[in-house]
Amino acid sequence: MEAGKYEMDLGNLMAFDPNHHFPQIPSSRDELVKECLQKSTELVQAIADALFNLPSTADLDGPLVQLPQPTTRLPREKHIPRPKPPTKWEEFAKKKGIKNRKKDKIVYDEQTGTWKRRHGYDRVNDDKDLPIIEAKMSDEPGEDPFSKRKNEKKKRVEKQEKNRLQNLKQAAKVDALPSHVQLAATALPITGTQSLPKKASKDELENVAGMAATATASGGKFDKKLQGEKPAKHPGKYRKFLPVVEGKGMGTQEQQQTEKILNKLISKNSHEILDVDKAVTMFNVKSEKQRRKAKESGSSTSSKFKPKTKSLKKSSKKKGH
């Protein structure tokens, strides 16, 4: 098999045959599928031959091949993500040569004698597990150490949140965030910033307001509308149905739809659409339910007349005595 007659792109594992043509137009679907399978087998075999001709290195799983750079430019849906700017801590760590060390998620807790998480719920050295806190010389007399720890933790969380928002604002200036995140970041009320936030345009405000209005479970259908607020635009596509009253050209659409369904039913793979065994089972179950229902209704009607016969027998016995 000559691999030179094919256009190869080993970087994307693709092969093309620019000179391919059918010797004769296929008269049926089976012939078309057979011809396509034959041509695709030839192309895959050509790709395999070209891969085995590349230099390889030995490995336990087999020979490894380094693919060349792709030559075919494939379309990309979204732009290449831009690198986010470093935070203040990352800049400080790089300046001082500090490297992050990966810590274990599970730590031994000496207070309870068990292994616990380092962070999160039921973590190690949790204040809730401390029955007694040892006093220090710097503590003020009469101060509650538990409430003091709680307040200190609250201040740390607020400081971390402030730093996170400042990092978001810094990233928004470099334009390293998506449009809606950038708009939200520039509107954050953070004090101490030197530059004023960028004024949002009318379209950006409408987009963010529409996203906020449709962020509920009902898509904003049951939320209270503000005065002068316009209904949110429908982001998706509406389902299209045939009109109730046929007009010009409507009959052909319905005919095409009917023919499409019939072609699926009569096609080669009709067994995937219609399950005959399942249909027979459902018919048998339905008939069995109807038979039981008729039997129960017949037994209930017959039981209505039994008390009357018993009462007649009792009355006849009394009269005989």
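This is a predicted model: local features need pLDDT of at least 70, side-chain atom pairs count only at pLDDT 80 or more; totals for chains, interfaces and linings use all residues.
Which residues are buried in H3? Leu165, Lys169, Ala171 and Ala172 are the ones, where buried means under 20% relative accessible area, exposed over 50% and partly exposed in between (1.4 Å probe, protein chains only). Residues are numbered from 1 along each chain as its sequence is written, and side-chain values use heavy atoms, with hydrogens and water left out.

View 1. H3 covers residues 145-173; helices (H or I, at least four residues) and strands (E, at least two) are DSSP runs, numbered from the N terminus. Its 29 residues reach 43 Å from first C-alpha to last, close to the 42 Å expected at 1.5 Å a residue (1.5 Å times one less than the number of residues). At the N-terminal end sits the cap, Asp144, with a side-chain oxygen 3.3 Å from the backbone nitrogen of Phe146.

**View 2. The largest nonpolar core.** Look here for seven residues: Tyr6, Leu10, Ala15, Leu43, Ala46, Ile47 and Ala50. Such a core is a set of buried Ala, Val, Leu, Ile, Met, Phe, Trp, Tyr and Cys residues joined through side-chain atoms within 4.5 Å. Leaving aside neighbours within four places in sequence, Leu10 is in contact (heavy atoms within 4.5 Å) with Ile47, Ala50, Leu51, Leu54, Leu67 and Pro68.

View 3. Strands E5 and E6 (residues 114-117) run antiparallel and are joined by four bridges; two strands pair if DSSP finds at least two bridges between them. Ile106 stands opposite Arg117 in E6. Four residues lie between the strands, and Gly113 in the turn has a positive phi of about 75°. Asp109, in E5 (residues 106-109), counts as buried because its relative accessibility is 0%.

**View 4. Two aromatic pairs.** Rings of Phe, Tyr and Trp (its six-membered ring) pair if their centres lie within 6.5 Å; planes under 30 degrees apart count as stacked, over 60 as edge-to-face and the rest as tilted. By this rule there are two aromatic pairs. The rings of Trp89 and Phe92 are 5.9 Å apart at their centres with planes at 35°, so this pair is tilted. Trp89 is partly exposed at 49% relative accessibility, and Phe92 is partly exposed at 41%. Tyr108 and Trp115 form an edge-to-face pair, 5.3 Å centre to centre with 65° between the planes.

Definitions and conventions. A polar contact is a pair of N or O atoms within 3.5 Å; within protein, one must be able to donate a hydrogen and the other to accept it, and residues adjacent in sequence count only if both atoms are side-chain atoms.
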